[in-house]
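Here is a short report on one chain. Look over the sequence and the structure first.

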Amino acid sequence: MQQLLQQAQKMQQELAEAQQELAETPVEGSAGGGLVTATVTGAGELKGLVIDPKAVDPEDTETLADLVLAAVRDANATAQQLQQAKLGPLAQGLGGGTPGLPF
């Protein structure tokens with residue numbers, strides 16, 4: 001029983017370390033052939049947004065908004081894949097999932 005508890009504690013520590021690593025890992029997504037680039041953390045927090053001046057048309061702000069949304073969604077999709085890759089095996093080892101995680 002003691003060995004099982006130690007193993008669970010080790011897995012919890014590994015999960016916490018993986019979550020910290022995700023929070024510090026930058027992930028990029030883009031839209032419009034690179035006209036808009038969003039940077040999020042592996043945990044999904046938006047950290048940066050770069051908009052190429054060619055994407056800015058004062059007469060068409062809807063397209064720019066769509067490009068921003070698409071870039072952020074692309075970055076978040078990549079972040080979710082990174083989360084699954086890093087945390088999925090650890091969470092499964094803790095009983096098939098951890099509350100608060102998106103999988």
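## Salt bridges

The side chains of Lys 10 and Glu 14 meet in a salt bridge, at 3.8 Å from N to O. This is a predicted model. Both residues lie in helix α1, four residues apart, or about one turn of the helix. Lys 10 is exposed, with a relative accessible area of 51%. Glu 14 is partly exposed at 31%.

The count comes to three salt bridges. Another joins Lys 86 to Glu 21, with the closest N and O atoms 2.6 Å apart. Lys 86 lies in helix α2 and Glu 21 in helix α1, so this pair ties together parts that are 65 residues apart in sequence. Lys 86 has 30% relative accessibility and counts as partly exposed. Glu 21 is also partly exposed, at 39%. Glu 45 pairs with Lys 47, their closest N and O atoms being 3.6 Å apart. Glu 45 is partly exposed at 45%, whereas Lys 47 is exposed at 55%.

## The sheet

Three strands form an open sheet in the order β1-β2-β3, with antiparallel pairing. β1 and β3 (46-51) stand at the edges with a single partner strand each, so one side of each has no neighbour in the sheet. On average, neighbouring strands are turned by 15° against each other, direction ignored.

Six bridges join β1 to β2 (residues 36-41). Ala 31 stands opposite Val 36 in β2. The hairpin of β1 and β2 has four residues between the strands, and Gly 32 takes a positive phi near 65° there. β2 is joined to β3 by five bridges. Thr 39 stands opposite Gly 48 in β3.

## Two faces of β1

In a regular strand, side chains alternate between the two faces of the sheet. Strand β1 (residues 26-31) has a covered face made of Val 27, Gly 29 and Ala 31. Its uncovered face holds Pro 26, Glu 28 and Ser 30.

## Nonpolar core

The largest nonpolar core has 13 residues. Those with the most contacts inside it are Val 36, Ala 38, Val 40, Leu 64, Leu 67, Val 68 and Ala 71. β1, β2 and α2 (61-93) each supply at least two residues of this core. The largest share, seven residues, comes from α2.

## A nonpolar surface patch

Which residues form a nonpolar patch on the surface? They are Met 1, Leu 4 and Leu 5, with about 380 Å² of accessible area together. Leu 4 is found in helix α1 (residues 2-24). Leu 4 is exposed, with a relative accessible area of 55%.

Terms used: Residues numbered from 1 in each chain as written. Predicted model: local features only at pLDDT ≥ 70, side-chain atom pairs only at ≥ 80, totals over all residues. Heavy atoms only, no water. Patch = residues over 30% accessible without salt bridge, like charges linked within 9 Å, V, L, I, M, F, W, Y side chains within 5 Å. Areas by Shrake-Rupley, 256 points an atom, 1.4 Å probe, with all protein chains shown as cover. Salt bridge = Lys/Arg side-chain N within 4 Å of Asp/Glu carboxyl O. Buried < 20%, exposed > 50% of the residue type's maximum accessible area, 1.4 Å probe, protein only. Pairing = 2+ DSSP bridges. Axes fitted to C-alpha atoms, helices over the stretch in contact; angles between N-to-C directions. Core = buried A, V, L, I, M, F, W, Y, C linked by side-chain atoms within 4.5 Å.
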